[in-house]
Every structure is written in structure tokens, then in C-alpha cells.
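Please look at the structure before reading on.

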Amino acid sequence: MKKYIIANWKANKSYDEAQEWIAMFSSLIKEDSAVQEKLESDALHIIICPPAPFIFSLANAVSEMKNITIGAQDISAYEEGAYTGEVTVKSIEFGAGCTLLGHSERRSLFNETEETLAKKVALAKKYTIDPILCIRGTQDTIHEGVAMIAYEPVEAIGTGKNMSAAEVLEKKKTFTLPQDCIFIYGGSVNEQTCTEYLQSDEIHGLLVGGASLVPETFLGIIRKV
Ligand code: PGA
């Protein structure tokens, strides 16, 4: 079964730091035959979600690498027009293959509503960018057309208090997930905590925040796949 390991850099890194990260990451990946084999055989897909200004340079850097793609962290709910400062899906469609949507930080700090999210999901689909919808629990709507869901309990994000895989699987039963949906867990995943999720056939991958900021640490998780 294919596993997805997704890096969410959030609002971290300068341009130079992003270039250093991807240079180091690429060289470590190329030297690692076990990881290479998993990428080549479609057992593993790595997605890196940097801040929007770095999407294209990173997409160029990974363009020759199978099963490593770039994602956005969010897109505008507007398609285009007089919306100063917005990052539209149209502007990133040739750099990003997917986008996170509805991250709990966007919901709580930027008042993202379900109405806004429905528009973003529809726009992502229109531009054939896969939406990865982040949900905090049953209170969040699973919008139509979403095929990837990242379950991220708020109390586990950035706290070091990851939810056990057993508990994640219990919670999973309470969600009405679309058929054949890719189900990902996120929240304080690191090299030490990742194994139990990766061992489950019902958890298809991991969304990694803090532990994705250093290439060696992120690769530590990838090597456990
Ligand atoms: P964390 O963040 O890994 O730092 O807990 C995960 C996320 O917010 O996507």
C-alpha cells in the first residue's frame, strides 16, 4: 500500500533556507537506495508544502524525482481578480500538485469557514489540484470531491502529544469518509512516534509539521516507511 509523507513547513524559512533544505534533502534521497526503491515502486509518495513563494523553485528542484511533488498550504477562495495579496490556485497550478485546505491554524487564526472551504475545494478541483482536507474531528465538514483527508486533532499539533494510532483508528470510525479515501494522520509526528501509524493499513500517511523543517529529521520518518 502506498504511503504519503507530507511536509507542512507552515510560515517558516527564507528563500535561501528553502533552497538549502531541498538541496540537502535531494542529495540524501539520491544516496538512499531503500527510499529510492520505494519511490520507484510507488510504495511511497513524498509531498512538500512550503510557503507559496517557494513552490516553483522547489517544483523545479524535484521535477526529475519520481513520487516527490510539491503542494500548497492553502489557496484563495477567489479564482482571480481584484483581491490584493491572495494566492490563487491559477497562479500555482503548474508548481503544486495538491493543496492543504482547512488546516486548524487557518480555521482558528484566519476564521476560515466551511463556506469558504467549499469554494476552495471546488477551485482546487477545477484546476486539477488535489485538495488534502484537514479536519479536527467530526465537527468539520468533509466537502464533496475530497479524496484525501488529514485528521489532525488540535491538541496533538505542535505539542509533542501525538494521538496513539489505536485512538486515531477509533476516531476514524466516527467520520463519514468518502469511499477509497486516503486517510492521513498529523500531530506531533516525528522519527520516534511515526512507526505505529505506518504499520496500520488504515492510515495511509502522515502530515508532518515541526519534524519536517530539518531534512535529516524528515528523512528519518520517511526511512520508517
Ligand atoms: P506538528 O504539525 O507535526 O508540528 O504537530 C502538524 C501540522 O500542523 O500539520
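The model is predicted.

**The ligand and its shell**

The ligand is surrounded by 13 residues. The closest are Lys10, His103, Glu152, Gly158 and Ser188. Sorted by class, this shell holds four nonpolar, seven polar and two charged residues.

Which protein atoms lie 2.7 Å from an oxygen atom of the ligand? One is an N or O atom in the side chain of Lys10, and another is a polar backbone atom of Ser188. The side chain of Asn8 also has an N or O atom at 3.3 Å from a ligand oxygen. On its own, the ligand has 280 Å² of accessible area, and the protein covers 95% of that area.

Where is the ligand among the pockets? The space that the ligand takes is the second largest pocket. The table sets out the volumes of this pocket and of the largest one.

| Pocket | Volume |
|---|---|
| Largest pocket | about 550 Å³ |
| Second largest pocket | about 210 Å³ |

The second largest pocket has a lining of 19 residues. Gly158, Ser188, Val189, Gly209 and Gly210 are the lining residues nearest the centre of this pocket. Gly158 and Ser188 are also among the residues closest to the ligand. By class, the lining of the second largest pocket consists of six nonpolar, 11 polar and two charged residues.

The largest pocket is lined by 25 residues. Nearest its centre lie Gln73, Asp74, Ile75, Arg106 and Phe110. The lining of the largest pocket divides into 11 nonpolar, seven polar and seven charged residues.

Which helices each supply at least two residues of the lining of the largest pocket? They are helix 5, residues 104–109, and helix 6, residues 114–126. Helix 5 gives the largest share of this lining, with three residues.

**The ends of helix 2**

Helix 2 spans residues 33–40. Its N-terminal end is capped by Asp32. A side-chain oxygen of Asp32 lies 3.2 Å from the backbone nitrogen of Ala34. Asp42 follows helix 2 and has a positive phi, near 65°.

**Summary**

The largest pocket draws on helix 5 and helix 6 for part of its lining.

Notes:
Residues numbered from 1 in each chain as written. Predicted model: local features only at pLDDT ≥ 70, side-chain atom pairs only at ≥ 80, totals over all residues. Heavy atoms only, no water. Near = heavy atom within 4 Å. Polar contact = N/O pair within 3.5 Å; in protein donor to acceptor, adjacent residues only side chain to side chain. Areas by Shrake-Rupley, 256 points an atom, 1.4 Å probe, with all protein chains shown as cover. 1 Å grid on protein atoms, 1.4 Å probe; cavity = no way out; pocket = protein on both sides within 12 Å on 5 of 7 lines; lining within 4 Å. Sits in = over half its atoms within 2 Å of the grid points. Nonpolar A, V, L, I, M, F, W, Y, C, P; charged D, E, K, R; others polar. Points joined across faces, edges and corners; volume = space filled by probe spheres on them. Helix = DSSP H or I, 4+ residues; strand = E, 2+ residues; numbered from the N terminus.
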